[in-house]
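Biologist: Could you take me through this model one question at a time, giving the cut-offs behind each term as we go?

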Amino acid sequence: MDGTRRVSRRGFVGGVTTALGYLTLEPSSRLWAQSVVGNAAPRAQRTADEYDTLAKLANNENPYGPSEAVMKAMQQSFKYANRYGYPEGGIVEAIAKHHDVKEENVMLGSGSGEILDVVCNTYLHNGRKILSSEPSYDVLYQHVTAFKADSIRVPVLPDFRQDIPGLIKAARTFNRDIGFVYLCSPNNPTGRIVTQREIKQLLDGIPEDMPVLIDEAYFHFVEDPDYGTSVPYVLDGRPVIVTRTFSKIAALAGMRLGYAIARPEMIRAMRPNATGTINAIVKYGGVAALKDTETQAKVKRVTLELRKKTAADLQSLGYAVIPSEANFFMVHLRRPVQPVIEEFKKKRVLVGRPFPPLLEHLRVSVGTADEMSRFLTAFKEIVPQARTAAKAS
Ligand SMILES: Cc1ncc(COP(=O)(O)O)c(C=O)c1O
């Protein structure tokens, strides 16, 4: 039997993520074929008063809320709340202009999460799998499971960067088994980017007709000059789908607006799988948000300052932090993360969920200065060595 394709299957229990298969290539490009059974845990039901008092550092949101200009645009569009056939405020045109593409290259989603769902539904037929990194945005893997499909996951490198040669090798090895490649950059949960050079390397190395979904949800927070958007590949005719969201930099997570940029024939293939229902108000908010670059620059500046300060504080307590280019970061706790998450919850600080296989790393979203100070206080109380280290310093 060909050793590179041998799959040893293990049983799994509902609700528990378990390796279904383990495929060996070289140590640096080990592949896992995994299935996640069951969906994410249901969201905790809280009263509004209770929710408002929490430090919310679990979902990589923008704590500052929509800008004044965005609020004004949304308020003015409330008059369409009772309509179906309302004027859409030019959102598709504004997105197309923003990226210098045609309107036929744009598809809206109720959040970019809907688009990820749609891409799965469109490209994971006939047992095709998603090829991606481990860890990466786990909600996508839940979509994959919902479509009863599998994933092939290439572990990230020791420095937590994505293993581009490993992904290329897997793409070539499993070629026709792959429905699409998913590349999240900056990657959630690590915050590490894939550089423009690496994206080119990937696209040059994989079969030319293999669809690649590049998730740029955290695009706006990146400082590294080696980073850039992959939209030009769409214009070059590559089967690349770029996704963006208004949930992060524009603070519209609760309003639900995201979009894909892709070749028109890919958009046409995907469209029947989308609900096509976006709320009237956020379309106006989105147009205003694209124009409001001043607020975006401010959010980026404050967020990165707080991220750097918190990371430095944790490092001075003796805890390593993965270098991030996003509005969140991971700290290495050197202990299982789940009980620590529970302890934070008791102190009314919500932090990120576990991201296997990094089960000793805690993902922390960057909130307001007050939230980050609550996080640090709780951290010193929960992680005893940190308290000792803090006293010693
Ligand atoms: C990497 C990534 N992609 C997509 C999403 C989905 O965001 P939304 O559906 O709010 O656009 C998220 C949300 O956290 C994310 O982290």
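Modeller: Residues are numbered from 1 along each chain as its sequence is written. This is a predicted model, in which local features need pLDDT of at least 70 and side-chain atom pairs count only at pLDDT 80 or more, while totals for chains, interfaces and linings use all residues.

Biologist: What percentage of the 393 residues of the protein chain count as buried?

Modeller: A residue is buried if 20 or more other C-beta atoms, placed from the backbone, lie within 10 Å of its own, exposed if 12 or fewer do, and partly exposed in between. The protein chain has 14 helices and 13 strands, taken as DSSP runs (H or I of at least four residues for helices, E of at least two for strands) numbered from the N terminus. Of its 393 residues, the buried share is 47%.

Biologist: Are H3 and H10 roughly parallel or roughly antiparallel?

Modeller: The axes, lines fitted to C-alpha atoms over the stretch in contact, with angles running from 0 to 180 degrees between N-to-C directions, come within 9 Å for helix H3 (residues 91–99) and helix H10 (residues 280–291) and cross at roughly 25°. Angles under 35 degrees count as roughly parallel, over 145 as roughly antiparallel, 65 to 115 as roughly perpendicular and the rest as oblique. H3 and H10 are therefore roughly parallel.

Biologist: Which residues of H4 and H5 make the contact?

Modeller: Helix H4 (residues 112–123) and helix H5 (residues 138–146) pack at about 40°, with their axes 9 Å apart, which makes H4 oblique to H5. Two residues are in contact if their C-beta atoms, placed from the backbone, lie within 7 Å. The contact is made by Gly113, Leu116, Asp117 and Cys120 of H4, and by Val139, Leu140, His143 and Val144 of H5.

Biologist: Which residues are the closest to the ligand?

Modeller: A residue is near a molecule if its C-beta atom, placed from the backbone, lies within 6 Å of it. By that criterion 13 residues surround the ligand, and the closest are Gly111, Ser112, Gly113, Thr245 and Ser247.

Biologist: Does Arg263 count as buried or exposed?

Modeller: Arg263 sits in the loop between strand S10 (258–261) and helix H9 (264–270). Leaving aside residues up to four places away in sequence, Arg263 touches Val234, Gly237 and Pro239. Because Arg263 has 21 C-beta neighbours inside 10 Å, the residue counts as buried.
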